[in-house]
Every structure is written in C-alpha cells, then in structure tokens.
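Welcome! Please take a look at the sequence and the 3D view below, and then let us walk through them together.

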Amino acid sequence: MKLKEGIKSKNTVVKCGADMILPFAIVFGLAVILFGTVSPGGGFQGGVIVASACILLYLGHGYGVTSKALDQEFLEVNEALGAIIYVLLAACGLFLGARFCQNVFFDNGSVGDLISAGTITFMSFAVGYKVLTGIGVLLLLMFGLLGGEDDDEEEAEE
Amino acid sequence: MKKAICLISLAAILVAGCFAMNYSAKEVPIAYDGSGFSPAQLYADPKGYDLEDPDGVADLIVRTNLDRTMAANNVAAVVFDYRGFDTIGESFILLASIAGSYAILRSSKKRKEEHGDEA
C-alpha cells in the first residue's frame, strides 16, 4: 500500500522529467522510422521508441490523463490500417506483373536518398505506424490493470 | 499402445537426426564466417567497396543489393525486400498478441467489476 501511495502522489521531479523527455522520445522515434533505409534503425525499432512515450505519460501524469489523452479505439483501428497499407504495398508487385513483395519502383534518385529504395521505405513507414499503435494499445491495456485500482480508491476517497 | 507409438516415433526422429548429422558432417556447406568483411568501409563507400571477400548468402546480398534495391541500409533491404513475406508474419504476430491480451485482460477486468457489484 505504501508503494501505491508513493506512485499516486506523483513526485514533481518525475513529472517534470517525463514532460521534458516526452517530446524528444517522440521526435527521435519518428526520425528512426523515417531514416530507416539510409541509417541504422527501421520500422519496428522506431515504433517501439515512439510507443515508450505512453510509459512516460503514465509515469508523469497517471492513468486518468493517459486514458483521456490516448484514444484506445483510434489506436486499434490505425494498427489495422498500417497492416493493410503494408499488404497493399507488398501487392504492388502483383499488380505490376512481378512477384509478391517485389521492389517495383526503386530506381529514383541516387543511393542514400530517402525514397531511392522505393517500396522498402514505405513498407518501413507502414510497419512503424503499425508497431507504434500496436504497442500503444498493449501498454494502455496493461495500464488499465495497473491504474484501475488507483482510480477506484480515489473515487472511494472522494 | 500410445506409449509404443510414442517410443517408435521418438526412435525414428533420433535415427533421422543421426543420419542428417552424419550427412552434413561429410559435406560442410559453404557458410559466411564474417572474416574479411568491413561494414564501416561498405557504409563509407558503397559503390567502390571490394566485394571479393564475402561468401555464401552474404556475398550474394552484398553484391546485388545496390542493383536490386538502391537501399543504403542492407538490413532494411533484407527485412523489407528479400524477406518481406517474413515481415508480414512478424507484424501479424503483434496483431494476434494484442487480440490475445485483449481477451485475457478484458475478462479479468469484467470479473473485478462483477465482484465489486457483489460486494
């Protein structure tokens, strides 16, 4: 019970630290997704980094703010959207008379340009979008188990 | 009867494994051991890198990557182009895991609410 009280009081240092790191985590994760084809990184890794912003929000502000700020149903729908975009990009090869998952339009620009790799870049974006929304939903579900008790206690106290 | 079938199948798997080990020990397939490959040099100068040293599948990918994909990051090329179908499966595993955790966590939450109503 003491631990729960310590979490509920929300230390000012933890709150300010979470607020400070949150925008950098989101921007760094998006950069890892964007430049996945020209530098180390990619869709999965960047998506997980962006989803870690959920944890920072929960650490700093608690379950009530997190569940209000992030719409869980919106995230679920957008995860499915990312999967559909990936499959459509992979099926581009079929429509243009090549294999499934074949890279069909890659020869635009010199090596090192962002879109020089064709479908690889956009598949990486789709997977990153899917992973960041999916991990966000998973974290929100876990916070629901963690934070539901705290909210009940607060309501009981009030 | 069941035990006999289980023992026979295990013995068959053992014999097949021994045969496969013996066979693969005689003719060692060409594998990539990583000697003589410098990722830093390849990253600094992708077009002019000396492609003589790599062997096996790595040789094939390093030689044909720029012609086939134009991706500066070889790992991204392997994940999203050479093994794109594999990546679909990986991302659908995430979808399935979320569905499963939804089923488990939602039932526990519902149970808690029911208990709260009773109490």
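A11(B) is exposed, because 10 other C-beta atoms lie within 10 Å. Here a residue is buried if 20 or more other C-beta atoms lie within 10 Å of its own, exposed if 12 or fewer, and partly exposed in between, with C-beta atoms placed from the backbone. A11(B) sits in helix 1 of chain B. From A11(B) to L94(B) the sequence separation is 83 residues, and their C-alpha atoms are 37 Å apart in space.

Is helix 1 of chain B largely in the open or largely buried? The number of buried residues among its 25 is zero, so helix 1 of chain B lies largely in the open. Helix 1 (residues 2-26) of chain B should span 36 Å at 1.5 Å a residue, and the 37 Å between its end C-alpha atoms agrees with that. The expected span of a helix is 1.5 Å times one less than its number of residues.

## How to read this model

This is a predicted model, in which local features need pLDDT of at least 70 and side-chain atom pairs count only at pLDDT 80 or more, while totals for chains, interfaces and linings use all residues. Residues are numbered from 1 along each chain as its sequence is written, and chains are lettered from A and ligands numbered from 1 in the order in which they are written.

The predictor's confidence in each residue is its pLDDT, from 0 to 100. Chain A has a mean pLDDT of 82, with 85% of its residues at 70 or more. Within chain A, confidence is highest in helix 2, at 91, and lowest in helix 1 (residues 2-9), at a mean of 52. Where pLDDT is low, the predicted coordinates should not be read in detail.

## The helices of chain A

Chain A has five helices and zero strands. Helices (H or I, at least four residues) and strands (E, at least two) are DSSP runs, numbered from the N terminus. Buried residues make up 35% of the 158 residues in chain A.

Helix 3 of chain A has a kink of about 130 degrees, centred on G62(A); the bend at a residue is the angle between axes fitted to the seven residues ending there and the seven starting there. A straight helix of 27 residues would span 39 Å at 1.5 Å a residue, but helix 3 of chain A spans only 24 Å between its end C-alpha atoms.

## The nonpolar core

What is in the largest nonpolar core? It has 41 residues, and A51(A), Y86(A) and A71(B) are among those with the most contacts inside it. Such a core is a set of buried Ala, Val, Leu, Ile, Met, Phe, Trp, Tyr and Cys residues joined through C-beta atoms within 7 Å. Helix 5 of chain A gives the largest share of this core, twelve residues.

Leaving aside neighbours within four places in sequence, A51(A) is in contact (C-beta atoms, placed from the backbone, within 7 Å) with L132(A), I135(A), G136(A) and L139(A).

## Where the chains meet

In all, 33 residues of chain A are in contact with 26 residues of chain B. On the chain A side, helix 5 of chain A supplies the largest share, 13 residues. By class, this side has 19 nonpolar, eleven polar and three charged residues. Ala, Val, Leu, Ile, Met, Phe, Trp, Tyr, Cys and Pro count as nonpolar, Asp, Glu, Lys and Arg as charged, and the others, Gly among them, as polar.

Definitions and conventions
Two residues are in contact if their C-beta atoms, placed from the backbone, lie within 7 Å.
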